[in-house]
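Trainee: I'm new to this one, and I'd like a close look at a single part of it, please. Take your time with the answer.

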Amino acid sequence: MPTAHQALDHWLSTLGPLRLALEGRVGWEFGTLFAAQPWLAQSPRGDGHPVLVLPRFLGCDLSTQPLRDFLARLGYRAEPWGLGVNLGPRAGVMDACLERLEHLYATHGCRVSLIGWSLGGLYARELAKEAPEQVRLVITLGSPFAGDQSDPSELWQLQERMTGEPVGLPLRHGPLDQAPPVPTTSIFSRSDGIVHWTDSLEHEGPITENILVESSHLGLAFNPLSLHAIADRLAQPEGAWRPFERTGARAWLYPNPPRA
């Protein structure tokens with residue numbers, strides 16, 4: 001049986017050295033977050049509804065703090081997931097996420113928007129399928145729900161070896177690439193060094209869309225282009241969702257994404 005370190009080395013080797021090297025941009029992207037503050041300050045204000053932010057694999061609430069701080073400044077009730085480090089969909093994790101969603105829905109008396117980064121996006125999609133009446137919309141950031149990753153057995157096996165616990169999402173509502181029955185936006189990067197961009201490509205429809213940004217995988221949750229797009233999506237009135245508009249400067253900043 002391979003050790004956790006051997007399993008991790010094998011997984012990293014499948015990414016390719018060039019793609020993985022592109023993740024070195026994350027420090028520069030974090031710096032641009034501060035430089036872009038005047039532009040981000042012009043993002044549309046929120047209506048105060050709760051937004052639950054779910055971290056990436058091996059991430060925690062500290063890793064989503066910049067995103068939640070940004071949302072709080074716009075007037076949202078930006079909520080952490082509160083479950084420590086995301087070690088994968090172990091037994092009980094999705095039930096705990098559902099309890100968190102139900103608590104926020106009951107406390108605030110309105111639907112909750114879900115933002116999931118990478119693996120957190122898989123949680124968000126499944127939560128929205130489980131309790132669509134409690135979810136306003138879903139935004140994923142570099143989440144591997146499509147393509148070969150729709151059955152990410154190698155990823156689950158890696159997590160099992162690292163944590164020593166059986167993992168896997170309870171797919172009670174269809175495959176991972178099946179979109180939830182609520183407005184759903186996938187934000188992805190073609191130069192993502194961890195998740196291949198085709199694995200984050202949503203089938204576009206009346207309430208589903210893709211937004212292409214240039215970012216590392218580790219920077220997607222605080223890249224200024226991601227943050228502006230997130231603010232735009234969250235600011236839409238409930239029940240009046242429309243696809244992301246690429247007019248004016250946005251046509252240059254946000255190229256038309258390829259279709260799934």
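Trainee: Does arginine 233 count as buried or exposed?

Mentor: Arginine 233 counts as buried, at 3% relative accessibility. Here, buried means under 20% relative accessible area, exposed means over 50%, and partly exposed is in between, with a 1.4 Å probe and protein chains only as cover.

Before we go on, keep in mind that this is a predicted model, where local features need pLDDT of at least 70, side-chain atom pairs count only at pLDDT 80 or more, and totals for chains, interfaces and linings use all residues. Residues are numbered from 1 along each chain as its sequence is written, and side-chain values use heavy atoms, with hydrogens and water left out.

Now for the partner. Arginine 233 and glutamate 209 meet through their side chains in a salt bridge, 3.0 Å from N to O. Glutamate 209 lies in strand S6 and arginine 233 in helix H9 (residues 224-234), so the pair ties together parts that are 24 residues apart in sequence. Helices (H or I, at least four residues) and strands (E, at least two) are DSSP runs, numbered from the N terminus. As for "salt bridge", that's a side-chain nitrogen of Lys or Arg within 4 Å of a carboxyl oxygen of Asp or Glu. The general idea is that side chains of opposite charge can pair when their charged atoms come close. Glutamate 209 is buried too, with a relative accessible area of 4%.

A search of the whole structure finds ten salt bridges, so let's set a couple of others beside ours.

Take arginine 125 and glutamate 202, whose side chains form a salt bridge of 2.7 Å, N to O. Arginine 125 sits in helix H7, while glutamate 202 is in the loop between strand S5 (184-189) and strand S6 (208-213), so this pair ties together parts 77 residues apart in sequence. Arginine 125 is buried, at 1% relative accessible area, and glutamate 202 is buried at 2%.

Then there's arginine 259, in a salt bridge with glutamate 204, where the closest N and O atoms are 3.5 Å apart. Arginine 259 lies in the segment after helix H10 (250-253) and glutamate 204 in the loop between S5 and S6, so the parts they tie together are 55 residues apart in sequence. Arginine 259 is exposed, with a relative accessible area of 65%, whereas glutamate 204 counts as partly exposed at 32%.

Glutamate 133 is in the loop between helix H7 (119-130) and strand S4 (135-141), and glutamate 133 is partly exposed at 41%.

Finally, a quick word on disulfides. Counting pairs of cysteine sulfur atoms within 2.5 Å, the total comes to zero. Cysteine 97 counts as buried at 2% relative accessibility, and cysteine 60 is partly exposed at 25%.
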